[in-house]
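Here is a short report on one protein chain. Keep the sequence and the 3D view open while reading.

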Amino acid sequence: MGNVEQGLASWYGVPYHGRRAANGEIYDMYKMTAAHRTLPFNTVVRVTNLTNNETVEVRINDRGPFVEDRIIDLSLAAARAIDMVAAGTARVRVEIISGSPNPVAGSFAVQVGAFADRANADRLRDQLATRFQPVLVDSFDGPKGRLYRLRVGSVPTEAAARQLAAKLHSEEGFETFVVRLDHDPVRGGSE
């Protein structure tokens, strides 16, 4: 990501309010928090609504958004602070203000799908595992029940994950998301 990123923000509240966020804490839509796919947890960012120049500072405590054209998912409180609740989305600038100035190190994977049926996720995992390693299924509670994410790879930089995502897109036709892995993908955290 670098220190500044521009794109589309969305916000989330119910039904996620009161559920566990990706960092383990209980998500509270009335706190100044946000979900980002690759920034480390507890990174503080300034989000500026490019339409009205309103700003808010939020702490990254969750993963998402997993919608292709969005870069950050704000809590309801943060969305209210920059006047984007009614619109649902807004063009924003995201600037790192606390945390690693260039958070590129870590462990990254490429998400290639999310399934309501575990058997479908397992079937695709088995197909991809002949060409890619590791290929893991990770479960989580989605807005309409349990979902199973399929993630490919475990690479040390976001740039390497973007290369893998490009390969999965061009060779396999997947719409992909690069995500930071917040656990050891081989030893724990996956089902």
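The sections below go from the overall fold to single residues.

## Overall fold

This is a predicted model. The protein has 3 helices and 10 strands. Starting at the N terminus, the order of elements is β-β-β-β-β-α-β-β-α-β-β-α-β. The radius of gyration is 16 Å, close to the 16 Å that the globule rule gives for 191 residues, so the protein is as compact as a globular protein of that length.

The C-alpha trace spans about 50 × 35 × 30 Å along its principal axes. Of the 191 residues, 44% count as buried. Now take the contacts between residues at least 6 apart in sequence: 71% of them join residues at least 24 apart.

## Helix α2

Helix α2 covers residues 118-128. Its buried residues are Ala121, Asp122, Leu124 and Leu128. Viewed down the axis of α2, these buried residues fall within an arc of 165°, so they line one face of the helix.

## Thr48 in strand β3

Strand β3 runs over residues 44-49 and holds Thr48. Is Thr48 buried or exposed? Thr48 has a relative accessible area of 3%. The cut-off for buried is under 20%, so Thr48 is buried.

## Aromatic pairs

A pair of aromatic rings is described by the distance of the centres and the angle of the planes. The count for this model is 3 aromatic pairs. In one of them, the ring centres of Tyr12 and Tyr27 are 4.4 Å apart and the planes are at 10°, so the pair is stacked. This pair links distant parts of the chain, 15 residues apart. Tyr12 is in strand β1 (residues 4-12), and Tyr27 is in the loop between β1 and β2 (33-35). Tyr12 counts as buried, at 8% relative accessibility. Tyr27 also counts as buried, with a value of 1%. Ring pairs join Tyr12, Tyr16 and Tyr27 into a cluster.

How are the rings of Phe66 and Phe177 arranged? Their centres are 5.8 Å apart and their planes at 80°, so this pair is edge-to-face. Phe66 lies in the loop between β4 (55-62) and β5 (70-75), while Phe177 is in strand β10 (residues 177-180), so the pair ties together parts that are 111 residues apart in sequence. Phe66 is partly exposed, with a relative accessible area of 26%. Phe177 counts as buried, at 13% relative accessibility.

## Arginines over rings

Two arginine placements involve phenylalanine rings. The charged end of Arg63 sits over the ring of Phe41, 4.3 Å from the ring centre. Arg149 lies over the face of Phe140. The distance from Arg149 to that ring centre is 4.1 Å.

## Backbone details

Which peptide bond at Pro15 is cis? The bond from Val14 to Pro15 is, with omega near 10°. Pro15 is placed in the loop between β1 and β2. Another cis peptide bond joins Gly64 and Pro65, and its omega is about -10°. Pro65 belongs to the loop between β4 and β5.

Positive phi values in residues other than glycine are the next point. Asn42 has phi near 75°. Asn42 lies in the loop between β2 and β3. Asn42 is partly exposed, with a relative accessible area of 46%. Asp83 has a positive phi as well, near 55°. Asp83 is found in the loop between α1 (76-81) and β6 (89-98). With a relative accessible area of 59%, Asp83 is exposed.

Conventions. Residues are numbered from 1 along each chain as its sequence is written. This is a predicted model: local features need pLDDT of at least 70, side-chain atom pairs count only at pLDDT 80 or more; totals for chains, interfaces and linings use all residues. Side-chain values use heavy atoms; hydrogens and water are left out. Buried means under 20% relative accessible area, exposed over 50%, partly exposed in between (1.4 Å probe, protein chains only). Helices (H or I, at least four residues) and strands (E, at least two) are DSSP runs, numbered from the N terminus. The arc is that of the directions from the helix axis to the C-beta atoms. Rings of Phe, Tyr and Trp (its six-membered ring) pair if their centres lie within 6.5 Å; planes under 30 degrees apart count as stacked, over 60 as edge-to-face and the rest as tilted. A charge sits over a ring if NZ of Lys or CZ of Arg is within 6 Å of the ring centre and within 35 degrees of the ring normal. The radius of gyration is taken over C-alpha atoms; the globule rule is 2.2 Å times the number of residues to the power 0.38. Contact means heavy atoms within 4.5 Å.
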